[in-house]
Structures are given as structure tokens and as C-alpha cells.
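The entries below follow the order in which I looked.

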Amino acid sequence: MVMRPVPVCYFFVFVLVSVFGCGLIAPAAAQTQAREHFQNATVIYDWVTNHSGENLRTFITRPNAVSGNVPVIFFVGWLSCDSMEYPDADTHDGFGIFMRRLIEESGYATMRMDKPGVGESQGQCSKADFRSEIEGWQAAFDSLSKYDFIDQDRIFVVGLSNGGGFSPLAAREHLVRGFVSAGSWGRTWYEHMLELERRRLTAEGKSPAQVNASARVFTDFYNLYLMKGMTPGQILAQHPEWKAFWYDEPDGQYGRPAAFYQQLQALNLGELWQKVNAPVLVIRGSADEIMSRADSETIAQIVNHIHPGRARYMEIEDMSHGFTVKGKFYDPLMSAVLEWMKQQLR
């Protein structure tokens with residue numbers, strides 16, 4: 001869903017160069033840490049600021065072999081508190097492989113951002129709510145206009161996991177040539193979590209009777225949590241008989257505060273996606289252990305309901321949430337995404 005796979009309970013988001021007209025001086029500490037290097041692109045490190053005044057690290061890449069204005073891929077990331085920077089070219093993380101290969105193979109510029117409290121970004125990720133994060137994505141998207149090598153009329157937005165659900169919020173009124181939503185969600189967070197809990201319990205080997213009994217508890221638990229604004233700890237204080245069912249922290253879940261998920265629940269993704277006029281490619285692996293088919297396919301259904309034929313749903317047999325099949329990165333994914341983008345530019 002939602003994250004680069006980390007918590008087990010969830011089954012599971014160089015020396016600084018002088019920038020072309022956007023020069024930066026790296027902090028001393030930043031110069032000592034490992035940085036990304038690409039054969040076909042140059043990395044530019046920059047900053048944006050959210051409404052809380054937190055400076056958030058951005059990563060912009062410019063293709064080396066292409067002159068003039070180029071298309072750009074704007075990445076919107078996952079739920080977990082993991083950096084979008086991948087200094088290790090041999091990373092085994094599927095999201096990292098996917099982004100690094102798009103940077104190397106597309107010939108496009110790209111932009112990523114580390115959310116509050118991640119990497120060099122200011123803030124505390126475990127306490128940062130969704131509002132502070134989306135303000136960062138919006139500031140990062142707005143900052144695309146400062147780079148003179150980016151073609152503002154050829155912007156693609158690629159949302160990964162949780163980010164693929166709300167990615168149109170990052171772009172807002174800006175022109176987008178196409179959206180790619182990979183392993184994501186288009187329903188309410190409440191619906192997503194109830195289905196996820198059922199799948200988690202089943203995978204843990206619970207009997208059908210135990211799964212149904214637990215699902216009844218989670219139906220009420222998530223109503224209080226997501227709709228009524230209570231923290232898990234407050235809910236368990238009120239319902240101590242449910243303590244055996246809860247597997248995470250009293251003030252949040254999967255490393256994020258309760259407010260984060262309550263704000264996700266408040267989103268109306270149906271309204272958000274029906275306003276999207278650009279073509280949409282929705283990708284899901286049939287072995288995705290986090291986002292169900294209904295979670296992902298709903299995005300395409302919403303778009304096509306208003307703009308018939310504008311969205312394409314692509315399900316890849318046996319592919320996991322992290323873009324792997326039988327433990328290996330699914331290489332055909334790259335050609336499928338790049339070809340789709342080229343079609344939108346013709």
C-alpha cells in the first residue's frame with residue numbers, strides 16, 4: 001500500500017553539483033554521506049519548504065545526452081519513512097530499481113522528494129501528518145518551473161504505493177501529460193484497511209471462524225480510529241477486550257501518527273480522480289500483498305466513468321507490491337511504462 005516493505009506486521013515507501021541556474025552549496029555533513037551516481041544523468045540536490053517552514057530535500061536528475069527542454073517524471077512516494085534517494089546502484093528494493101532505471105533509460109528529467117523527517121528533510125516523520133507531507137509534494141511540484149531544462153508541457157506523475165492514490169493532489173491545477181499509479185488505492189482508507197486486515201489474518205493461518213470474528217472487531221475499531229478521530233490507545237482504553245487484536249503502537253500505525261490515517265480517510269479519491277483529464281495508467285501485480293485489485297482498479301474505473309477510455313488498468317501476473325516476480329525485479333515493467341509515456345507524447 002503503502003510503503004516500501006518494512007514492518008513485518010504489515011506483511012510487509014556525490015558531491016553536490018552546481019545546478020544550472022539553481023546552484024546549491026552542500027552542508028558539510030551532506031558532503032560526507034553516500035550519494036547517487038548515474039551513467040546517463042546528473043543529480044541536482046535542492047530544497048523546498050512546506051507551510052510548517054520545514055526544508056525538504058528534493059532530488060532532480062537531468063539527462064546527460066539530451067539537450068533542450070525534456071519531459072519530466074515527478075515521483076510521489078510511499079507511506080513509510082524511507083528515503084527516495086538510492087545511492088546503491090545494486091539496490092534490491094523494487095521501487096528503487098524502478099526509479100533508478102527510469103532515470104537511466106528514459107532520457108527524461110525526474111524529481112523526487114524526501115518527506116518531513118526523512119533523510120536530510122527537516123521534521124519528524126513519525127509525527128508528521130498527511131497535511132505536512134502533501135504540502136511538501138505540492139511545493140516540490142511547483143518548483144519544477146525553476147529548472148530551465150524541464151518542459152512544463154510534458155510532465156508525468158508517477159505515484160508509488162500510497163502516493164499513487166493521492167498523486168493528483170500534488171499536481172493540483174498544473175498541466176500533466178499522464179499519471180501512472182502503481183500498486184495503489186482508489187477507495188476509502190477504511191475499506192482498504194478492512195480488506196488488508198482480512199488478508200493479513202488469513203495469511204497468518206487463522207481459521208475462517210477466527211478471521212470473521214477478528215474482522216468484526218476491526219470493523220468497529222477502524223470506525224473509531226479513522227472516522228471518530230480516536231488513537232488506537234484511546235480505543236483500547238475504552239475497549240480493553242480488543243487488546244489482543246491490536247499489533248501496533250498506541251498513538252499510530254506503521255510508523256506514522258494516527259492523524260495521518262485519519263486525514264487519508266477524509267480524502268475523497270472518487271472526487272479527486274474524476275477531475276483528472278490526463279491519461280492514466282494503473283499498474284498492479286496479481287501477487288500484491290498490500291493493495292488489492294479492488295484498491296487499484298477503482299482508480300481506472302473512476303477515470304473511465306467520466307472520461308471513457310482515458311484510463312488503462314494493467315495487472316501483471318505474479319508480480320508483488322515491490323515489482324518482483326519470484327523474487328526478481330520484473331524487467332518488462334520498464335518497457336511497458338516507457339512505451340505508454342511515449343504514446344502520450346506523440
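Entry 1, ground rules. I am working from a predicted model, in which local features need pLDDT of at least 70 and side-chain atom pairs count only at pLDDT 80 or more, while totals for chains, interfaces and linings use all residues. Residues are numbered from 1 along each chain as its sequence is written, and side-chain values use heavy atoms, with hydrogens and water left out.

I looked up helix 5 (residues 189-203) against helix 6 (residues 208-227) and found an angle of about 150° with the axes 10 Å apart, where helices are DSSP runs of H or I with at least four residues, numbered from the N terminus, and axes are lines fitted to C-alpha atoms over the stretch in contact, with angles from 0 to 180 degrees between N-to-C directions. Helix 5 and helix 6 are therefore roughly antiparallel, the term for angles over 145 degrees. For contact (heavy atoms within 4.5 Å), I noted residues of helix 5 including W189, Y190 and M193, which meet a set in helix 6 that includes F218, Y222 and M227. By class, this contact has 11 nonpolar, five polar and three charged residues, with Ala, Val, Leu, Ile, Met, Phe, Trp, Tyr, Cys and Pro counted as nonpolar, Asp, Glu, Lys and Arg as charged, and the others, Gly among them, as polar.

Y225, L226 and M227 in helix 6 meet A258, Y261, Q262 and Q265 in helix 8, a contact with five nonpolar, two polar and no charged residues. Helix 3 (residues 130-142) also comes within 8 Å of helix 8, axis to axis, and crosses at roughly 70°. Here F130, R131 and E133 of helix 3 meet F260, Q263 and L264 of helix 8.

Which residues lie nearest the centre of the largest pocket? I found P168, R172, F179, K275 and V276 there, among 14 lining residues, where a pocket is an open set of points on a 1 Å grid over the protein atoms alone, reached by a 1.4 Å probe, with protein on both sides within 12 Å along at least five of seven lines, and lining residues have an atom within 4 Å of a point. Helix 4 (residues 162-171) gives the most to this lining, with three residues.

Note on methods: Helices (H or I, at least four residues) and strands (E, at least two) are DSSP runs, numbered from the N terminus. Angles under 35 degrees count as roughly parallel, over 145 as roughly antiparallel, 65 to 115 as roughly perpendicular and the rest as oblique.
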